[in-house]
Amino acid sequence: MTDARQGTTLEQSFEYRIKRQRRKTIALHVLADGTVEVRTPNWVPKYELVDFVERRSEWVIQRRREVLRDLANQPTFCDGQYHRFLGAMFPLRLSTARRGHVDFRDSVFLVTVRDKDDPVQVSKVMERWYREKAIELYEERMFACFEQFPDWFQDKYVIPEITVRKMRRRWGSCSRAGEVTLNLALIKMPIRCLDYVIVHELCHLEAFHHGKAFYRLLALVMPSWKEHENLIEQLS
Ligand SMILES: [Zn+2]
């Protein structure tokens, strides 16, 4: 059962819907489209839910602000819209099919989804495709970049495992254990930006902090690293 309620504070208001489910606790969710949902056990009376939401309204407003800002920054997913891949822009061509699928062919994203007027479906298959490409390409570039390092480095370290993740503030990171995490969004950047981030993280195997030893190795392997770093700044 679902019904809509209104939550208000002095400055902001938001609507929320109540979803009664077989569950034990009340939970408050701000969904990716900004909808606020209260999931509750069947037996909780309405006034208690209103109180529950009101006591958390500041959190909801803050969370919604973040979600809506992300939404505004996101590209749209209509037919003909351009999307980034490896530093260039290519158009979407949407068509309908039972299964969601992306085929990148002749500089066009051929996308099939069940309902091509549903941007959420399109964005989901696009993201899945980006992720697949990222896993493939990052691994390939990791090998190529590792080979650029001097022999002593290649003897001392093994090629790190890569995790691909969406990250808000960083392009990559390297753990003390030598695992490298790379931002999914790098798949939209020119390859030289991706290479720079990989080389940067590989340098952290030898020098964990950004000290002299770190920059000495970075400059040795990639003398033009600063240019690439500037390019990333520009594009992001
Ligand atoms: Zn670093």
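In this predicted model, helices α5 and α7 cross in a left-handed sense. Helix α7 covers residues 225–235, and its axis packs 9 Å from that of α5 at an angle of about 115°. Helix α5 also packs against α3 and against α6. The chain holds seven helices and 11 strands.

**α5 with α7**

- On the α5 side, the contact is made by R192, C193 and Y196.
- On the α7 side, W225, H228, E229, L231 and I232 take part.
- By class, this contact has five nonpolar, one polar and two charged residues.

**α5 with α3**

- Helix α3 spans residues 119–146, and helix α5 spans residues 191–206.
- The two pack at an angle of about 60°, and their axes are 9 Å apart.
- Angles of 65 to 115 degrees would count as roughly perpendicular, and α3 and α5 are therefore oblique to each other.
- The crossing of α3 past α5 is right-handed.
- Helix α3 contributes R141, M142, C145 and F146 to the contact.
- Helix α5 contributes I191, L194, D195, I198, V199 and L202.
- This contact has eight nonpolar residues, two charged residues and no polar ones.

**α5 with α6**

- Helix α6 runs over residues 212–221.
- The axes of α5 and α6 come within 9 Å and cross at roughly 135°.
- Angles over 145 degrees would count as roughly antiparallel, so α5 is oblique to α6.
- This crossing, of α5 past α6, is right-handed.
- From α5, the contact draws on V199, H200, C203 and E206.
- From α6, the contact draws on A213, F214, L217, L218 and V221.
- Its residues divide by class into seven nonpolar, one polar and one charged.

- M189 sits in the loop between β11 (180–183) and α5.
- M189 has 23 C-beta neighbours inside 10 Å; the cut-off for buried is 20 or more, so M189 counts as buried.
- Apart from neighbours within four places in sequence, M189 is in contact with G87, L194, I232 and L235.
- Another partner, I232, is on the α7 side of the contact between α5 and α7.
- R64 is 125 residues from M189 in sequence, and their C-alpha atoms are 29 Å apart in space.

**F143 in α3**

- F143 is placed in helix α3.
- F143 counts as exposed because 10 C-beta neighbours lie inside 10 Å, and the cut-off for exposed is 12 or fewer.
- P160 is 17 residues from F143 along the chain, with 9.4 Å between their C-alpha atoms.

- L86 is not a glycine, yet its phi is positive, about 50°.
- L86 is located in the loop between β5 (82–85) and β6 (88–96).
- L86 counts as partly exposed because it has 15 C-beta neighbours inside 10 Å.
- D106 also has a positive phi of about 50°, and D106 is not a glycine.
- The loop between β7 (101–105) and β8 (108–113) holds D106.
- D106 has 7 other C-beta atoms within 10 Å, so D106 is exposed.

**Whole chain**

- The chain's seven helices and 11 strands belong to a chain of 236 residues with a radius of gyration of 23 Å.
- The globule rule gives 18 Å for this number of residues, so the chain is more spread out than a compact globule.
- Along the principal axes, the C-alpha atoms fill a box of roughly 70 × 45 × 35 Å.
- Of the 236 residues, 21% count as buried.
- Among contacts with a separation of 6 or more, 40% join residues 24 or more positions apart.

Notes. Residues are numbered from 1 along each chain as its sequence is written. This is a predicted model: local features need pLDDT of at least 70, side-chain atom pairs count only at pLDDT 80 or more; totals for chains, interfaces and linings use all residues. Helices (H or I, at least four residues) and strands (E, at least two) are DSSP runs, numbered from the N terminus. The radius of gyration is taken over C-alpha atoms; the globule rule is 2.2 Å times the number of residues to the power 0.38. Two residues are in contact if their C-beta atoms, placed from the backbone, lie within 7 Å. Axes are lines fitted to C-alpha atoms, for helices over the stretch in contact, and angles run from 0 to 180 degrees between N-to-C directions. Angles under 35 degrees count as roughly parallel, over 145 as roughly antiparallel, 65 to 115 as roughly perpendicular and the rest as oblique. A crossing is left-handed if the near helix is turned anticlockwise from the far one by less than a right angle, and right-handed if clockwise. Ala, Val, Leu, Ile, Met, Phe, Trp, Tyr, Cys and Pro count as nonpolar, Asp, Glu, Lys and Arg as charged, and the others, Gly among them, as polar.
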